[in-house]
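Below is what I looked up, entry by entry.

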Amino acid sequence: MSPLVWDSSLARYAEMYANQRRWDCELKHSNGPYGENIFWGSGNNWSAAQAATDWVWEGHWYNYWRNSCSEGQQCGHYTQIVWRKTRAIGCAKVVCFGGKGVFMTCNYDPPGNYIGERPY
């Protein structure tokens with residue numbers, strides 16, 4: 001897999017969307033044109049590295065040969081990060097109003113997680 005390259009346009013898109021979520025901190029996807037991972041953590045001390053670690057940890061549940069996740073688990077964040085056709089990433093973080101925690105989002109281009117396709 002090729003390393004992802006930081007893309008300022010994706011980062012601006014992520015920042016625009018994160019600012020919308022700042023009001024409610026809701027784990028809701030933007031449904032935009034890019035692949036997307038979202039994260040919420042209580043408190044204000046969460047880093048992008050911690051969010052990425054959380055997403056990558058899902059790889060523990062992914063079975064390549066079945067191209068599926070263990071029952072009752074999530075793997076879509078992991079598969080988006082390692083999607084072989086994805087080349088660029090841009091992320092943003094906001095502290096939510098009212099002490100509701102931190103919201104982070106990363107966007108990926110081209111997007112991944114197509115049903116029936118393996119990530120790599």
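**Entry 1: a cysteine to start**

I began with cysteine 25, which counts as buried because its relative accessibility is 7%. By the cut-offs I used, buried means under 20% relative accessible area, exposed over 50%, and partly exposed in between (1.4 Å probe, protein chains only).

Before going on, I noted that this is a predicted model, where local features need pLDDT of at least 70 and side-chain atom pairs count only at pLDDT 80 or more, while totals for chains, interfaces and linings use all residues. Residues are numbered from 1 along each chain as its sequence is written, and side-chain values use heavy atoms, with hydrogens and water left out.

**Entry 2: the disulfides**

Which residue does cysteine 25 form a disulfide with? I found cysteine 96, with the two sulfur atoms 2.1 Å apart. A disulfide here is a pair of cysteine sulfur atoms within 2.5 Å. The link of cysteine 25 and cysteine 96 is right-handed, with 70° about the S-S bond. Cysteine 25 sits in the loop between α1 and β2 and cysteine 96 in the loop between β5 and β6, so the pair ties together parts that are 71 residues apart in sequence. Cysteine 96 counts as buried too, because its relative accessibility is 4%.

For the element names, I went by DSSP runs numbered from the N terminus: helices are H or I with at least four residues, strands are E with at least two.

How many disulfides does a search of the whole structure find? It turns up 3. Another of them joins cysteine 69 and cysteine 75, with sulfur atoms 2.1 Å apart. That link is right-handed as well, at 70° about the S-S bond. I checked both ends: cysteine 69 is partly exposed at 25% relative accessibility, whereas cysteine 75 is buried at 7%.

Cysteine 91 and cysteine 106 also form a disulfide, and their sulfur atoms lie 2.0 Å apart. This pair links distant parts of the chain, cysteine 91 in strand β5 and cysteine 106 in strand β6, 15 residues apart. The torsion about its S-S bond is about 110°, so I wrote it down as right-handed. Cysteine 106 is buried, with a relative accessible area of 8%.

Counting bonded cysteines along the chain, I get the pattern 1-5, 2-3, 4-6.

**Entry 3: the sheet and its helices**

Next I followed the strands. There is an open sheet of 4 strands in the order β1-β5-β6-β2, with mixed pairing. Its edge strands are β1 (5-6) and β2 (35-41), each pairing on one side only. Two strands pair if DSSP finds at least two bridges between them. Strands β5 (residues 88-95) and β6 (residues 102-109) run antiparallel and are joined by 8 bridges. On that pairing, I saw valine 94 opposite phenylalanine 103 in β6.

Then the helices. α1 lies across β1, β2, β5 and β6, running at about 30° to β5. Helix α2 (residues 48-57) lies across β2 and β6, at about 110° to β2. For these angles, axes are lines fitted to C-alpha atoms, for helices over the stretch in contact, and angles run from 0 to 180 degrees between N-to-C directions.

**Entry 4: three residues up close**

Is threonine 105 buried or exposed? It counts as buried, because its relative accessibility is 0%. I found threonine 105 in strand β6. Its contacts (heavy atoms within 4.5 Å) include Ala14, Ala18, Asn37 and Cys91. A polar atom of its side chain lies 3.4 Å from the backbone oxygen of asparagine 37.

Arginine 21 is in helix α1 (residues 8-21). Arginine 21 is buried at 9% relative accessibility. Among the residues it touches are Cys96 and Phe103.

Proline 119 is in the segment after β6 and is buried at 1% relative accessibility. Proline 119 touches Tyr62 and Trp83, among others. The C-alpha atoms of proline 119 and methionine 1 are separated by 9.8 Å, although these residues are 118 apart along the chain.

Technical notes. Polar contact = N/O pair within 3.5 Å; in protein donor to acceptor, adjacent residues only side chain to side chain. Lists of a residue's contacts leave out its neighbours within four places in sequence.
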